[in-house]
Amino acid sequence: MATELTWLGHGSWFIQIGQTTVLLDPFLNDSPTAPAKAEDVSADFILVSHGHYDHVADVVSIARRTGAQVIANFEITQWLANKHGIENTLGMNLGGRVSLPFGTVKMTIAWHSSQLPDGADGGNPSGFLLTLADGTLYFACDTALFSDMRLIAGGVDLAILPIGDLFTMGPEDALDAVKLIGPKRVIPDHYNTWPPIEQDAAAWARSVRDQTSSEPIVLEPGGKTALA
Ligand SMILES: [Zn+2]
């Protein structure tokens, strides 16, 4: 099963794994850079890393329309069920792993916050490690740099790391994250959505190329890459 990723801008991703479609953190209709609207994307599964609006904005409408199963921390799945009637969910917590038809999903640590838009408790923020037939994919999601990223090292084919700064790692810390994880390839996200998180991704990619053995890939919103 070949895996193809499309960057939907900000921290949002569309992942086609064979015939299965997986969305991560859909923030489309209110995003200044998203190349698609919530009404236009398909999803069999939706991964949600934490409760902030720029990650959950379109989860409810897409889950309702598509019937996709939403995979998130337990608090977010409870909120989706109790406040929005989204029953097809899978609640997880940090360190947990689950086998799904397209591969396994492990919920990894992220250092961030997670309150939901209405003030409800959004549990702990997370990243996701996907082990798929054609490779291993690590989404750090919104996080600071932390040295336990080293534990994820050894076999990540593609890492997606935030570089926007202010709310997450900036370019320098993301470069250190590449050194800790050692992925074969790395893609930056969570930047250039708004002026406060503007970054020069091409310059960051040059630093990655100069200082690590990872291959950086810079996408524009709507851009695609294959996992393998
Ligand atoms: Zn964010």
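**Close-up 1. Glu172 in helix H4 of the predicted model.** Helix H4 spans residues 171–181 and contains Glu172; the structure shown is a predicted model. Glu172 has a relative accessible area of 68% and is therefore classed as exposed, the cut-off for that class being over 50%. Together with Asp165, Asp173 and Asp176, Glu172 forms a negative surface patch.

**Close-up 2. The salt bridge between Asp118 and Lys83.** The two side chains meet at 3.1 Å, taken from N to O. This pair links distant parts of the chain, 35 residues apart. Lys83 belongs to helix H3 (residues 74–84), whereas Asp118 is found in the loop between strand S8 (103–109) and strand S9 (126–132).

**Close-up 3. The salt bridge between Lys184 and Asp157.** Here the side chains of Lys184 and Asp157 meet with an N to O distance of 2.6 Å. Lys184 counts as exposed because its relative accessibility is 56%. Asp157, in contrast, counts as buried because its relative accessibility is 14%, and the buried class is set at under 20%. The count of salt bridges in the model comes to two.

Conventions: Residues are numbered from 1 along each chain as its sequence is written. This is a predicted model: local features need pLDDT of at least 70, side-chain atom pairs count only at pLDDT 80 or more; totals for chains, interfaces and linings use all residues. Side-chain values use heavy atoms; hydrogens and water are left out. Patches are made of residues with over 30% relative accessible area and no salt bridge: like charges are joined within 9 Å, nonpolar side chains (Val, Leu, Ile, Met, Phe, Trp, Tyr) within 5 Å. Accessible areas come from the Shrake-Rupley method with a 1.4 Å probe; for residues, only the protein chains shown count as cover. A salt bridge is a side-chain nitrogen of Lys or Arg within 4 Å of a carboxyl oxygen of Asp or Glu. Lys and Arg count as positive and Asp and Glu as negative; His and the chain ends are not counted. The place of a charge is taken as NZ of Lys, CZ of Arg, CG of Asp or CD of Glu. Helices (H or I, at least four residues) and strands (E, at least two) are DSSP runs, numbered from the N terminus. Buried means under 20% relative accessible area, exposed over 50%, partly exposed in between (1.4 Å probe, protein chains only).
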